Every structure is written in C-alpha cells, then in structure tokens.
Amino acid sequence: MESENQTGVSEFLLLGLSEDPELQPLLFGLFLSRYLVTVLGNLLIILAVSSDSHLHTPMHFFLSHLSFVDICFTSTIVPKILVNIQTGNKVITDAGCLTQVYFFMVFICMDHLLLTIMAYDRYVAICHPLYYAIIMNPRLCGLMILCSLFISVMNALLHSLMVLHLSFCTDLKIPHFFCELAQILRLACSDTLINDILMYLVTSLLGVGPLSGIIFSYTRIVSSSLRIPSIGGKYKAFSTFGSHLSVIFLFYGTCVGVYLSSVATLSPRRRAVASVMNTVVTPMVNPSVYSLTNRAIKGDLRTLISGTFSFS
C-alpha cells in the first residue's frame, strides 16, 4: 500500500466475494433470491401482526419491529451487491460507503437491543404472569423501542463522525461485499488508535450488556419453567419462548462464527464469506422460525396468503 495520504477521498472499491466472471451470475441469483425471500417473509410477519387484533400483544409488537429492522438491515447491503454484480462496477462513493456503515451499525445494534427486549418480555410473561399486563404496558413498550433506536442512532453517528476525521491512502480496496467499519479503519493512513479503542469499547458495552440481559432472563425463565409440575404446563411454557430462543441462538451463533473465522483465517475473502451468514441468511431465516413455531402467526400467515390468492 502506498503511504501517500489522500484527504479528498471520493470513492472506495468493493472487491466482493469473488472476481471470477463465471461465478457472478450464480452470486447474483443467490443474493437476489435470498433478498426477496427476506423482504417477503418479514413483510408477511408485519402484515399478519398488524391485521390480527389477537396478535396486538407486546411480544408480537416487538416481533413486527424486528422484522422491519431485518428488512432495513438487508436492504442496506444487498441492493448495492446486486448492482455491483450486474454492472461489473465495484466502485462505491465515500458518501455511499459512510452511509452504508452508518445504517449497518444502526440496524445491527437495533437487532441486539430488540432481542434483549423480547427476552425481558418473555421473562415477565413466564416469571411474573399476573403482573404482565401492568408491567408490559403500551407506554413502556413504545419507550423501549424509542430508547433502543436512540442508542443505535447515537452509536452509529459517533463512529461515522470519527471516520470523517481520518485520512486515507491511495489504495482504497475493501476486501468485502459491503463497507464495514473495521475494513475502512485498516485503509486509513492516519492514526486510528482512538477509533479502534472506541470501536472495541462500544462493541463490548453494546454486546456484553444485552447478552447478559438475555442470559439472565432465560436463566430465570428456564428455572421457572422446570418448576412447573405438569408436562403440559412445561410444554406450554417452552412453546411461548422457543421461537425467540431459536432466533437468539441463530443470531449470536452467526456473530460468533464470523468472529472466529476472522481470528482463524488471514484471508479477507473467507471472512467475507463467513459474514454472509450474519448479514443475509439470518434475516431470511427469522420469519421461518417464528412462523413454524408460533401457531398464531402460522395460522394468520396461512389465512393471509390464502386470502391473497383467492382475491387474485
């Protein structure tokens, strides 16, 4: 890499997953199909929750917001990938790159916080069922959504503003399919010590904090569920949080997988392939998990789909 600084950076180059021309149609088809499934699946969840008054509960309220965040999260990354593959132009402007970093961090943080809120909701529902309606009132639910949005926006804004103070070298190739903060910091010619400290500090706080809340909630939930004497009661208790617990394992499992792959391999391309699971596959699978394990949503989706086809 050349050491010459370039303060007026105008564009970056996204190298993507592969430069093999024969693989581009396959990659385009895979990303397009998964993107359509993700948008359609999460949109159906939102429509099912909003159209059925029986699903106007705190848990489904949070689920609809999680589906909306997953749509926005995927839309931040995949459309640019499809355009790059289709046109063969891998260039992204500095403004476009910074915008992608900002919204990626907003929605990934929102995912973390919403999963934590949903874990707390299940904790109250199972461990304090008599007080559930009082504790999880509409005002508190709305306040938690607004707080998670505020934290996510401020976190992303802080990192984005810190990137604006960096100067970059002339070799601005990003070995990834989207603009990732860590990859951008590696391209900087100026000192990134403060950026690195801030990134690891905030990631630790927003990662360990919500994860600790989830672990605490489910420790109490499982403990309370196991104390239920009847098998039917235990099954009913586990069925109320099984779908959410599956999504948590999927979300954090892919995050850990991406981190371990980045530690175990020096190849940026392999790290990029591993991150596909977290950025593309997880938002696509979430609607399937909830629709298959939640009878109310499954029934509403079946009614919604059959009504759509009968209307057409």
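Analyst: Helix α1 (residues 24-51) and helix α2 (residues 58-87) have axes that come within 9 Å and cross at roughly 160°. Here helices are DSSP runs of H or I with at least four residues, strands are runs of E with at least two, and both are numbered from the N terminus. Axes are lines fitted to C-alpha atoms, for helices over the stretch in contact, and angles run from 0 to 180 degrees between N-to-C directions. The crossing angle makes α1 roughly antiparallel to α2, a label for angles over 145 degrees. The crossing of these two helices, α1 and α2, is left-handed: the near helix is turned anticlockwise from the far one by less than a right angle. The contact of α1 with α2 has 18 nonpolar, nine polar and one charged residues. Ala, Val, Leu, Ile, Met, Phe, Trp, Tyr, Cys and Pro count as nonpolar, Asp, Glu, Lys and Arg as charged, and the others, Gly among them, as polar.

This is a predicted model, where local features need pLDDT of at least 70, side-chain atom pairs count only at pLDDT 80 or more, and totals for chains, interfaces and linings use all residues. Residues are numbered from 1 along each chain as its sequence is written, and side-chain values use heavy atoms, without hydrogens and water.

Next comes the pair α2 and α3. Their axes lie 9 Å apart, at an angle of about 160°. That makes α2 roughly antiparallel to α3. The crossing of α2 and α3 is left-handed. Their contact divides into 18 nonpolar, three polar and five charged residues.

Now the records. UniProt, in an unreviewed entry, places "transmembrane region" at spans including residues 61-82 and 102-120. Such annotations may be inferred rather than shown by experiment. In the model, residues 61-82 are 100% helix and 0% strand, with end C-alpha atoms 32 Å apart. Residues 102-120 are also 100% helix and 0% strand. Their end C-alpha atoms are 27 Å apart.

Last, the sheet. It is open, with three strands in the order β3-β2-β5 and mixed pairing. Strands pair if DSSP finds at least two bridges between them. β3 (91-93) and β5 (173-174) stand at the edges, each with a single partner strand, so one side of each has no neighbour in the sheet. Helix α3 (residues 94-127) packs on this sheet and touches β2, β3 and β5, where contact means heavy atoms within 4.5 Å. The direction of α3 makes about 80° with that of β3.

Note on methods. Angles under 35 degrees count as roughly parallel, over 145 as roughly antiparallel, 65 to 115 as roughly perpendicular and the rest as oblique.
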